[in-house]
Amino acid sequence: MARREGSPDILEDGGERRRATIHDVARECGVSLSTVSNALAGKSNVREETRQRVLATAERLGYRASMVARALRMQRSFTIGVLIADVANPASPDFVRGIEDMAIRENCTLLLCNTDGDEARQIVHMRSLLDQQVDGMVLISQYCEGPVVRGLLETGTPFVLLQRRSPLFADDYVGADNFTGITESIRHLIDLGHRRIAFVRGPFESSTAQERFDAYLHNVAGFGLDSDPELVCPGHYSVEGGYAAAMRFLALDRPPTAVLASNDMSAMGVLNATAERGIDVPSQLSLVGFDDIQLASFARINLTTTHLPKRDMGAAAAGLLMNRIDSKEQLSQQTVIFPTRLIVRGTTAPVRTVRPRIRIAARSHRAG
C-alpha cells in the first residue's frame, strides 16, 4: 500500500507498519542525509528554515533516531555513568537532576549506581560501567585515591568529581565554597550571642567534610570562641551520627548553647536527640545545618542551614564531562566552585541568659 500524503505512517505492501528512517525524512524534505542528521543534532551549519522543515517532517513521519545506529556511526554509547554515595540522602536527587538536565540536552542516558560509600562496591560499579563503554562518569562523593579506583579512572574514560575532590590528583571537580558557608553560619551564631558552639563533623575521608571542619576550627580560633575538644564529635553525615553526637554534647557539664552540623542529615539527628531529652530548639539550643535539603524547609523542622545550588552543581559537572567527551584536544584541569548562602529559619535564636536573683533589702522608715 502506498503512503498517503500527510500520513504519519510509513507503510509497506500489505499495510504493515515499518519504522520511519532518516532516509524517509531526507527524501520528504529533498535534502541530504547529512543535512537531516545535522539538523536533528542541532548543529549550527544548517539554516534555521531547513532545520524547522526537517524537525516538522520528522515529527509528522514519527521518525525517532536509532541510538544503536547513532552510536555505531559516532563511536559513542551516549550513556553517562553516575556513581552516588547514598541514593537515600535527600541531597542526592538534586545533584542527579542537574546531571540529567544536561544529559537530556545531549541526548544521553544515565546509568545510576549507588555505592553506599563503600569502596569495594564502587569498584564493582565502575568496572561494570566501563565494560558497558559509557562515554564518561560523574562521581558524587566517591573515593578517588585508592590504587584500584585510580587505575579504573586512568583507563581513558572521561570523569568528573562532584562534592569530593582528591588532594593528590588534578581531576576535574565541582564543589561548593564550604569555608564561606561555615563562616557565615558561625558569624550568625556569634551575632546571637553564642560563644560555646559545638560541631558535628562529617566522614574523615571526605574532602568536603574536611573543608567544613577546617573552616570551623579557623573561625573558633579567629573569633576566640570556646575551643573545648569535647565540642567536636563525628556524625558521619547521618541521622544516627547526629543523634549520637548531640547526646554527648548534652551530657557535658557545660553543654554548648549552639550546634553546627556539617550536613542537614546530622542536624536532623540533633533534633531527634533534643526532642528526646526535652531540650527546646531554639530557646535552649540553637542549631544550624548544611545543604538545605527540601526537608529542612518543612514547617515542623524549619532548619537554619546553608543552601547549596545542588541542581546547578550537577549540571556543571555534566557540562565539564561533555566538554571532555567532545573535545579532540587535551584540556587543562577544571575546577568549579559554587557560592553558598545562609538560610535563616526557626532553629536559631539569641543565647538564653539566666539573670542572677537580686535581693532587695526592705527599707526602714522612721515614723514622723
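Biologist: What makes up the lining of the second largest pocket, by class?

Modeller: Keep in mind that this is a predicted model. By class, the lining of that pocket has eleven nonpolar, ten polar and seven charged residues. Its 28 lining residues include Ala-85, Asp-86, Asn-89, Ser-141 and Tyr-237, which lie nearest the centre.

Biologist: How do you know that the buried residues of helix 2 line one face of the helix?

Modeller: Val-36, Asn-38 and Ala-39 are buried in helix 2 (residues 33-40), that is, each has under 20% relative accessible area. Down the helix axis, the buried residues fall within an arc of 165°, so they line one face. Helix 1 (22-29) and helix 3 (48-61) are among what covers them.

Biologist: And which residues have the most contacts inside the largest nonpolar core?

Modeller: Ile-140 and Val-174, in a core of 65 residues. Helix 12 (residues 310-326) gives the most to this core, with eight residues. A second, separate core has 16 residues, including Met-126, Met-137, Leu-139 and Leu-161.

Biologist: What makes Met-313 a contact of Val-174?

Modeller: Contact means heavy atoms within 4.5 Å, and Met-313 is in contact with Val-174. Beyond its neighbours within four places in sequence, Val-174 also contacts residues including Ala-316, Leu-320, Val-336 and Phe-338.

How values were computed:
Residues numbered from 1 in each chain as written. Predicted model: local features only at pLDDT ≥ 70, side-chain atom pairs only at ≥ 80, totals over all residues. Heavy atoms only, no water. Core = buried A, V, L, I, M, F, W, Y, C linked by side-chain atoms within 4.5 Å. Buried < 20%, exposed > 50% of the residue type's maximum accessible area, 1.4 Å probe, protein only. Helix = DSSP H or I, 4+ residues; strand = E, 2+ residues; numbered from the N terminus. Arc of directions from axis to C-beta. 1 Å grid on protein atoms, 1.4 Å probe; cavity = no way out; pocket = protein on both sides within 12 Å on 5 of 7 lines; lining within 4 Å. Nonpolar A, V, L, I, M, F, W, Y, C, P; charged D, E, K, R; others polar.
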